[in-house]
Amino acid sequence: MAASAEVSPQSAYVQHHLAHLNNTGHPQSSILDMSVINYDSVFWSLATGLVVVFLLWLAARRATNGVPGRFQAGVEMVVDMVNDQAKSIVHNEVSRKYIAPLALTVFLWVTLMNTLDLIPVDLPGAIFGWLGLAGDHNAHGPLYYHRILPTADLNVPMGMSLAVLLLSFYYGIKIKSAGGFVKDLFTAPFHAHGFAAVLLSPFNLLLNIIEYAAKTVSLGMRLFGNMFAGELLFMLIALLGGAWTGFSAMNIGLGIGQVLAGSIWAIFHIMIILLQAFIFMMLTLVYLGQAHESH
């Protein structure tokens, strides 16, 4: 006898919250589909990026030589922290003039994207419902599917990690020249001379390809995995809080239980938000610093 295809309200609630607003109009059916564009991830990642650029522009515009205000002091603390890390990792002063601001932007951008996870999971849907944009499970509105956390979408962290990979290639070629960069691919990590070098060159190339691939995948997957898990935990807390206050699983809204239970996790989650942004920034510096070094 075939198993029942019924989905519990709790499962339907989680599945709905994990679906993206994309160009197909329905949840993505496969893990990898290059034809699907998640409009919500594109919008929120660009929006947070523009906010970061605006804040940095505002800080530079308001900077004074006198006693700094709290906003300027906060920005200066972050800038000094990133600059100190860049000095200890990237020893090429010319390259560091570009890499340090890049690392600062990455840190603030990832932090702001991650911070969107602190917004109550049902608040965006409630707002879209009030505006008549969400609809319901019978008649979907234009924003019935919508996720506001870009770093919980694998495309965003992997896209950023691919950009770091391309920058590693750029600085590797710029510092070592194209010939030196290609030579490193075939002569390291196993160094040899003469005929032994020729025999080892395919293995060196294979190991370097694996190293670059592992760095890129781990950089993106680490950020995605932590933020996806945090987002999912907020949904489970919302279900628990909604049940505690008597709300049904599909109509949790902003129950007192959800707010109280979610707030406890949110306080701890702030550390994860900052830590994941810091790790992504540090690994970006490390990988770009390694691109300047010969094996």
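## Exercises: a cavity and some ring pairs

Helix H7 (195-244) and helix H8 (256-290) each supply at least two residues to the lining of the largest cavity; helices here are DSSP runs (H or I, at least four residues), numbered from the N terminus. The model is predicted, so to speak of local features requires pLDDT of at least 70 and side-chain atom pairs count only at pLDDT 80 or more, while totals for chains, interfaces and linings use all residues. Residues are numbered from 1 along each chain as its sequence is written, and side-chain values use heavy atoms, leaving out hydrogens and water.

**Exercise 1.** Find which residues line the largest cavity.

*Solution.*
- Step 1: the volume of the largest cavity is about 30 Å³.
- Step 2: its lining consists of Leu 219, Arg 222, Leu 223, Gln 276, Ile 279, Phe 280 and Leu 283; lining residues have an atom within 4 Å of a point on a 1 Å grid where a 1.4 Å probe fits but cannot get out.
- Step 3: H8 gives the largest share of this lining, four residues.

**Exercise 2.** Describe how the rings of Phe 43 and Trp 44 pair.

*Solution.*
- Step 1: rings of Phe, Tyr and Trp (its six-membered ring) pair if their centres lie within 6.5 Å, and planes over 60 degrees apart count as edge-to-face. By this rule there are seven aromatic pairs.
- Step 2: Phe 43 and Trp 44 are edge-to-face, at 5.1 Å centre to centre and 80 degrees between the planes.
- Step 3: Phe 43 is partly exposed because its relative accessibility is 48%, with partly exposed lying between buried (under 20%) and exposed (over 50%), using a 1.4 Å probe and protein chains only.

Notes. Rings of Phe, Tyr and Trp (its six-membered ring) pair if their centres lie within 6.5 Å; planes under 30 degrees apart count as stacked, over 60 as edge-to-face and the rest as tilted. On a 1 Å grid over the protein atoms alone, a cavity is a set of points where a 1.4 Å probe fits but cannot get out, and a pocket is an open set with protein on both sides within 12 Å along at least five of seven lines; lining residues have an atom within 4 Å of a point. Grid points are joined across faces, edges and corners, and a volume is the space filled by probe spheres set on the points.
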